[in-house]
Amino acid sequence: MSSQNKKGFITILTGLYSFQDCVHFLAAVRKFHQEPIIILVDKVPKYLYPLLQVFPNVIIKPAPANENPVLSSRLAKLALYELSDFDKTIYLDSDICLLADINDVFDSLDEYDFLLTEDVQPHIIKATNLLRGKQEDTLSQVLPTLQSVGLPLKAESIQYNGGFMAFKKTATTAIFFDKFKYYFEIVRQHQDKLLLKDQGAFASAIATVQPKMKILPPTYNYLSKWQNAYENLQDPIKVLHCTYPYRPQYAKNITRSLYTRVFDRCAQVFLPNQVKNPWRIK
């Protein structure tokens, strides 16, 4: 591995609904970082690749193919370890906007296997978002249901938000991703009870492998949709997790350029409306 590939970023783009997000993701990363960026792509025509590779040092790789772009995205997340070219990798969802550099995350990987942020609702016993059915009706059933299908979770288990993670290539991290795949397959096999989300499998892999990890504050994965759930944030937000149409203006200004202005005008014509993505509810 060449010295310039010791560290880098990786994201996922499955389908055209997130294409505009991805362009602005690239613009935001390039505002603060020059490390290579891998994009795992499925269901994006190759003639659109140049719109992504306008930004320097962008590497496009195929994501696991699937008719359902949401499932393809989940499968790509399971494959991050093997598809990353880097010793140190920062994974970010493509609807993330950097508001500052995050070199400290790369530096922390000298000491830790994993850096993560907790979910807005971190307690697994309250993770109604993982179960099918009305959330108000399933609260008491969350932990029993997850345990009944074979996920090794306990009342004190934590739900992490997989939109941000940093990891280095070690034997422990390789085992973690193997377990992540194993537990996600359990989730797939129980679609009558569970939604097709990866948080339960991710938490199970963390509980099983127990990698050396550091939990970062919400400022490294700030979901503006849930801004009322955050309390006592002292430091400025570094990583804003918000799809582009709903992004506050100060964040849109981060990625504003002649290229993105022209792209956004054209996107209204040739891209589907990501806010109305029907796959999100399947």
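Here are a few friendly notes on this predicted model.

1. Ground rules. Residues are numbered from 1 along each chain as its sequence is written. In this predicted model, local features need pLDDT of at least 70 and side-chain atom pairs count only at pLDDT 80 or more, while totals for chains, interfaces and linings use all residues.

2. Helix 8. Do look at residues 171-189: helix 8 has 19 residues and spans 28 Å from its first C-alpha to its last, close to the 27 Å expected at 1.5 Å a residue (1.5 Å times one less than the number of residues; helices are DSSP runs of H or I, at least four residues, and strands runs of E, at least two, numbered from the N terminus). Its buried residues (under 20% relative accessible area, 1.4 Å probe, protein chains only) include Phe-176, Phe-177, Phe-180 and Phe-184.

3. Cysteines. The count comes to 0 disulfides (a disulfide is a pair of cysteine sulfur atoms within 2.5 Å). Cys-22 is in no disulfide, and the nearest cysteine sulfur, that of Cys-97, is 13 Å away. Cys-22 is buried, with a relative accessible area of 0%.

Definitions and conventions:
Side-chain values use heavy atoms; hydrogens and water are left out. Buried means under 20% relative accessible area, exposed over 50%, partly exposed in between (1.4 Å probe, protein chains only).
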